[in-house]
Amino acid sequence: MPEADRNADVGETAASGGATAAEPVLKVRDLSTRFFTEEGQVNAVESVSFDVHDGEVFGIVGESGSGKSVTALSIIDLVESPGRITAGEVWYRNADLAADMREEHPEAIDGEYVDTRRVPEGVRRSLRGPAFSMIFQDPMSSFNPSITVGEQLAEAVEVQQRARANPRSTRSRTQGYGLGRYLSDWMLPSRSFVSTESRDRAISLLDQVGIPDPADRADEYPNQFSGGMLQRAMVAQALAGEPDVLIADEPTTALDVTIQAQILGLLRDLQDEADMSVITITHDLGVIARMCDRVGVMYAGEIAERGTLGDVFDRPIHPYTEGLLGSIPDLDDPAPRLQPIEGNVPELLDAEMGNRCYFADRCPKAMDECVAEKPAEVGIEGSDEHRVRCVLADHEYDPARALSTTEREREASADD
Amino acid sequence: MISPRTIRNLKAEFRGSALAKLGLCIVVLVVAVAVLAPVLAPHDPTAQNLDRSQLPPVGFSTTTNSTSTEMVNGSLQVVNETTEINATLTYPLGTDSLGRDMLSRVIYGARTSLLVGLLGTGLAAVIGVTVGLVAGYYRGRVDDALMRSADVMLAFPSLVLAIALVGLWGRAAWSVPDPLVVLGITPEMPASFVLPGTVIVVVGLVNWVWFARVARGEALSVREESYIKAARSVGASDSFVIRKHVLPNSATPVLVLATIQIAAIILLESALSFLGFSGTTLSWGFDIAQGRDYLASSWWISTVPGVAIVITVIGINLVGDWLRDALDPGIGGEGGSGGA
């Protein structure tokens, strides 16, 4: 039955892929996530919208604290208290799910799309794995040290199998997992309850991500793996549910450069093989250049500039994008000093976020109009994808109207 | 769940600590005595022999004013006589006021104490760990509700609460057949063994709060680990995450607490049976209570079970210290050097 389902899914995807190639698999609309801290409301993600197409790699790049990771966690619905997703829609294309949900939640259905923000919590959880799955930054801490790697992978496989037996039911997790088994697991926590099939699948997943001797390695504990191996195992765990969209949150940050290259190559290969979509989140423009088809540059919870790789890297408009690109050492012209962007990412406290360009305080090309009104996102001629939230998209920088230093300082002290 | 490193730590700590060895010896001894009680006990612990009442332990002798009633020519006469009582090897630890062998009673008392200690701790751990893990994992209002109710439990003095609950439910005693007697190895011993049911439930309900607090603290820190997020990102449900990831990684401090709680519950059981709330008469606390009336003449009736309690509790606590030093290096640093 699950086999048949999957085949049907594949057929469906192929058919729709042929007919409507431009239909994205994921449409994020006006997603806003707020953190309600003691210092006040923090707007970590502010009306973010983007599409992810079938089989593409979409990159989100930005400094630390620009809201990249929270965006990812918001999509997969893993934002923890005191954070909360306050607005927005996450439209996920799945004809089967749409048909199942149409009766109960007509407001969450649009054609083949399902708004995961408006379906019940249990359905959102059942989507984790087969629809979305995530790779985390630090492989060392992303595995439970007291369970073998193989068992953790097998668990992920079993979670998915249980879900697939009755894919969209909120009670799917208890299928084939009765009270007796629950009690015995509870009483005997050391009892390994993974089946032979899921263990075999775990080993083949390890093999798929290029771990040598997968059968032996499956019985080892995470501390017996190297960082690169663990990140491969992490990828394997994320692949267990055969996700449509894989979210990689800084997948290479904790790894050294040679291993980084291996992991990126692995992700690229797997993405080609399985034809899944990948959202890569990173602060490393090298990773973006290597991996991505399209890029969104995030600043202060917003997407400041987006477009194809060529649009953003070769023809950047937003001074922030220029600044990020200026922070990369250039091998051809090893200038003595890099040009970092001055200052820090704002704290994103709601009270301090006025109706203005959030980057103006740090922007070398800030003009008077930047603090007068928040610039709208406008398209750039010459590319369908290239869109920028900056006044420079409209007119050239004019030094005569530059935001003076004194004025900028006054702005800053007013904020404090 | 028990990693080779844990075993290595346990061994290293054990080798370096004389107290750990002593503690383990005591615990093994007490457990062996409790399990093999029918074999080890020289007499039936409930068999009365008024002719040989209040015999002193070996090495002691005592002079007692004994009062007896005798039938003389059809009329009842009270005879007061002062007798010199010498110890006899038949009753190495003496006899109580009804002539029951103290050694056998102490041996059987170990059963009651250990069973109540283990089952009561088990019950407290199951309730407390469940409550604590749920509270710590979900935080927020769930946490507040559960832990405030735990605080309410904590506000009652545990002995008073236990007495109130025993009063409420009565002294339900479960009669458990003794396997060694059923198998015919020791047919002369009592065929069944009385388990003080209410006491077990009560000590469990009184002591779960400590487990809840420890488990909650662990869950609060474990829930922040990346592997929890990783497990959830592949679709694992909350109960699955709590069971497979939070529980095993919270087990160590719970285990250490459990050993110490066994000792605390043995003391609580003794106190309850001393006060007469236990369902069994084969209990150290009960013997202390019945010896209280004879303290002036027959001090051993109270002293022998009292010493047994002290030794058992010390042994269990030493084992608890050993586990804590071996499993929890953070605390072990200060505690270990202070103890050594």
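Predicted model: local features only at pLDDT ≥ 70, side-chain atom pairs only at ≥ 80, totals over all residues.
A residue is called buried here if 20 or more other C-beta atoms lie within 10 Å of its own.

**Strand E10 of chain A**

Both faces of E10(A) are covered, with Arg294(A), Gly296(A) and Met298(A) buried on one side and Val295(A), Val297(A) and Tyr299(A) buried on the other. In a regular strand the side chains alternate between the two faces of the sheet. Since 6 of the 6 residues of E10(A), which runs over residues 294–299, are buried, the strand is largely enclosed by the rest of the structure.

E10(A) pairs with strand E3 (residues 57–61) of chain A in the parallel sense, over 4 bridges, and within this pairing Arg294(A) of E10(A) is the bridge partner of Phe58(A). E10(A) also pairs with strand E11 (residues 302–308) of chain A, here in the antiparallel sense and over 6 bridges, with Val297(A) standing opposite Glu305(A) of E11(A). The two strands E10(A) and E11(A) form a hairpin with 2 residues between them, and Ala300(A), in the turn, has a positive phi of about 50 degrees.

**Chain A as a whole, and helix H2**

Chain A contains 15 helices and 13 strands, and of its 416 residues 44% are buried. Among the contacts in chain A with a separation of 6 or more, 65% are accounted for by residues 24 or more positions apart.

Helix H2 (residues 68–76) of chain A is mostly covered, 9 of its 9 residues being buried; among them are Lys68(A), Val70(A), Leu73(A) and Ile76(A). The helix H2(A) is followed by Asp77(A), whose phi is positive, near 60 degrees.

**Residues with positive phi**

Most residues other than glycine have a negative phi, and most peptide bonds are trans.

| Residue | Phi | Location | C-beta atoms within 10 Å |
|---|---|---|---|
| Glu242(A) | positive, about 50 degrees | loop between helix H9 (227–239) and strand E8 (245–249) | 16 others |

Helix H1 (residues 4–16) of chain B has 13 residues and reaches 19 Å from its first C-alpha to its last, which is close to the 18 Å expected at 1.5 Å a residue. The helix H1(B) is hardly covered, the count of buried residues among its 13 residues being 1.

How many residues does the contact take from chain B and from chain A? The contact takes 22 residues from chain B and 30 residues from chain A. On the side of chain B that touches chain A, helix H9 (226–233) and helix H10 (238–274) of chain B each supply at least two residues, and the largest share of that side, 7 residues, comes from H10(B). By class, the side of chain B that touches chain A has 8 nonpolar, 8 polar and 6 charged residues.

How values were computed: Residues numbered from 1 in each chain as written. Chains lettered and ligands numbered in written order. Buried ≥ 20, exposed ≤ 12 C-beta atoms within 10 Å, placed from the backbone. Expected span 1.5 Å × (residues − 1). Contact = placed C-beta atoms within 7 Å. Nonpolar A, V, L, I, M, F, W, Y, C, P; charged D, E, K, R; others polar. Pairing = 2+ DSSP bridges.
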